[in-house]
Amino acid sequence: MNALGIINFEGDTAFIDGLGEYRPVPAVSFLGRYRIIDVILSNMTNSGINNVQVYCKEKPRNLIEHLGNGQRYNINSKRGKLQVLYGEKMFSSLVYNTDIANFELNMQYIQRDSNPYVLIAPSYFVYSLDFTDVMKKHLDTGADVTLLYTSTNEARTSFLGCDVVKLDSEKRVTSFEKNRGNNKNRLISLEAYLMKKSLFIDLVEKATKTSSLYWFKDILADSVEQLDIRGFQVRGYVACLNSLSEYYRNCMELKHPSVSALLFKPDWPIYTQTNDSCPTRFHDNGTAKDSVIANGCVIEGTVDGSILGRNVRIGEGAVVKNCIILEDAVIGKDVYLENVVVDKYAQVKNIDRLTSYEPTPIYVKRLDRI
Amino acid sequence: MRSNNMVAMILAGGRGTRLFELTSKVAKPAVNFGGKYRIIDFPLSNCANSDISTVGVLTQYESVLLNSYVAKDQYWGLDINDGGVYVLSPREKATEDFEVYQGTADAITQNIDFLDSIDPEYVLILSGDHIYKMNYAKMLGYHKMKGADATIAVLEVPMKEASRFGIMNTGEGDRILEFEEKPKEPKSNLASMGIYIFTYKKLRQYLLADAANTESRHDFGHDIIPTYLNDKMNLYAYRFKGYWKDVGTVDSLWEANMDLLNANNELDLADASWKIYTEDVNALPQYIGPDASVKNSYITEGCVVEGNVQNSVLGTNVKVAKGAKVIDSVIMPGTVIGENATITRCIVAENMVIPKGAKYGKKNSEHIELVAEKQEGK
């Protein structure tokens, strides 16, 4: 597919409380062994996109380490290229750190790429999609921009802050507005767009001239009358991981193989970095139910309805219920956790009980000792 | 990083006939172990962890899968500019007719051209069918310290079992005086582990001389080591302490898998300082279902457990359906255990489908039952 892939970073409408303080959303752990970015990046490389730029708002170390040179995502190490790009300059205020500002700063790399098209998508929407179908449709309709959207009846509680699109009978986008949760049936933009590279560059320049606070979606909304923007509906599983509660709720749903099979398909693999952990060992009194467990764990207690990252230890007599425990965390003897998200390397040992009664789980910080 | 000027040669041509159907399609070194590994991951990871960057793998029997597997040297981090994994199968040469490897020594002799092209100071000979973790760099340090021509790694085995092994009789400073293959009345309990370090120049001479000897079986244990001893060369025993297992039979393969269930097992695959690397299979993490029961087991990525698993090792992508029971067993990758099936004291081969309600194996059976596709004529 002759498009440059651009994985855009999230705006302020997507922030995963707690977890997001240590890494950008794309680098947040996902379903035990993945990171959120693995999904969109694998969609791109599976679709034959061999040149991908990943834009990173801040804290790039984590992402650079995870992505490597792209080989693990099947990017050809000679013909293809995976770049992690960030502002490389200080913004006097965070509000200036927009996607447009970053595209502008890295424009030479966008121009130098030989692909005539660009496909832009953020990582916090997760779905399984062959982008060559989008390209086919784009060429068929002759649209200026093809925009991906999903139809939802849960817009009151999910996709909050996302763009809602209105389409005419020919699926032409007629308006954009914000989803403020006041209507349950909505068409939600996945903020993923396919267009000619020349148009993309024009739009970035136009945005820069209009306002230094503009994001790409703002200039697109401004251009809705001049441009032929067509919707392409993504059917099937779509989730939006734009807050701690939505992250938690969606991960919990994805636990079950019948749901995860909608996102992780045998002929459309989601790639990630391996860390060569050994299999997970259950001790005599270690048990698990309805849980997703990555490799390298040692389970001496009870795991119920939870997701465990790699190398997690659950001590004797401990109970972990409806929790997400990230890599290398340790849950000590006889500790009871319910509805808790425990970040990497945290050690929860010296308390008896931690329970959240809200839909939003309790968050235990990275490296924390409690 | 520059490596330690030692090339490893892994003898991986073994057929493993005592593993029966497990090796009907793959060579023994490619047989699965411990849920996600293959046996040859152990010597290859040991090499990578010992800073050996050039590894030759000598394959012969059913080598298609094994050749393509070991060729992916990035699995073990051996894909560096200075080295790599070289697949060395028997091949036709301009000056000689095609010949399969006649013995362990012949396999190396036929690859002298390869070794010459690398020109190492030392050659490490390994076997591709043992489960153990070992730092070969330390063994090389010992070889150098002793000024040895050859160093053989040995394991202290119980005296009563010594007659099953190749035994080294040693003198002062662990200098090897005599080598006896499976002696009826062993004089020592130092068993050869089939791991040798040779100083290459000397080995080269001996190999060429051995190749010319029509009486020879061209085997390290049978021919090369005895000739070295006859010639009063400096041979030393290197005492290895730790887990080492030859998994040549169904029972011993099962036992080695069961050892992983022991929390204090010496192999300790969880040790982050000496990881065993393997293929990344790209499977989801395991899922343990709402009605499942799991006890004292070793379970890896891609597994979906809806039934009952006890004292068992499950390989990648194994499915255990509702009501099924897997007890004291090893299930190899890709196998599906149907509803209400019961598996007791078995090894179930890769990619099998065990039908609903089927029963295999018996509690307290003398031997472990192998459940595999039966080959024609057997």
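Predicted model: local features only at pLDDT ≥ 70, side-chain atom pairs only at ≥ 80, totals over all residues.

Biologist: What makes the largest cavity a cavity, and what is its volume?

Modeller: A cavity is space where a 1.4 Å probe fits but cannot get out. The volume of the largest cavity is about 110 Å³. Its lining has 13 residues, and Asn8(A), Phe9(A), Asp99(A), Glu191(A) and Lys217(A) lie nearest the centre. By class, the lining of the largest cavity has seven nonpolar, two polar and four charged residues.

Biologist: How many cavities of 30 Å³ or more does the search find?

Modeller: Five, over the whole structure. The second largest cavity holds about 40 Å³.

Biologist: Which classes make up the lining of the second largest cavity?

Modeller: Eight nonpolar residues, three polar and no charged ones. Among the lining residues are Phe30(A), Tyr247(A), Cys251(A) and Ile325(A). Gly32(A) and Gly309(A) also line the second largest cavity, and Gly counts as polar. β2 (29-30), α8 (244-254) and β22 (324-325) of chain A each supply at least two of the lining residues.

Biologist: Why is helix α1 (residues 41-49) of chain B called largely enclosed?

Modeller: Buried means under 20% relative accessible area. Nine of the nine residues of α1(B) are buried, so the helix is largely enclosed by the rest of the structure. Asp41(B), Phe42(B) and Asn49(B) are among them. After α1(B) comes Asp51(B), with a positive phi near 60°.

Biologist: How do you know that Glu65(A) and Arg61(A) form a salt bridge?

Modeller: The cut-off is 4 Å from nitrogen to carboxyl oxygen. Their side chains meet at 3.1 Å, N to O, so the pair counts as a salt bridge. Both residues lie in helix α2 (residues 60-67) of chain A, four residues apart, about one turn of the helix.

Biologist: Why is Glu65(A) called exposed, and why is Arg61(A) called partly exposed?

Modeller: Exposed means over 50%, and partly exposed runs from there down to the buried limit of 20%. Glu65(A) has 51% relative accessibility, so Glu65(A) counts as exposed. Arg61(A) has 49%, so Arg61(A) counts as partly exposed.

Biologist: Which residues are linked in a network of salt bridges?

Modeller: Asp168(A), Arg172(A), Asp228(A) and Arg230(A). The closest N and O atoms of Arg172(A) and Asp168(A) are 4.0 Å apart. Those of Asp228(A) and Arg230(A) are 2.8 Å apart. Arg172(A) is partly exposed at 29%, and Asp168(A) is partly exposed at 29%. Asp228(A) and Arg230(A) are buried.

Biologist: Which residues make the nonpolar surface patch?

Modeller: Val95(A), Tyr96(A) and Leu213(A), with an area of about 270 Å². Val95(A) sits in the loop between β5 (81-85) and α3 (99-105) of chain A.

Conventions:
Residues numbered from 1 in each chain as written. Chains lettered and ligands numbered in written order. Heavy atoms only, no water. Patch = residues over 30% accessible without salt bridge, like charges linked within 9 Å, V, L, I, M, F, W, Y side chains within 5 Å. Areas by Shrake-Rupley, 256 points an atom, 1.4 Å probe, with all protein chains shown as cover. 1 Å grid on protein atoms, 1.4 Å probe; cavity = no way out; pocket = protein on both sides within 12 Å on 5 of 7 lines; lining within 4 Å. Points joined across faces, edges and corners; volume = space filled by probe spheres on them. Buried < 20%, exposed > 50% of the residue type's maximum accessible area, 1.4 Å probe, protein only.
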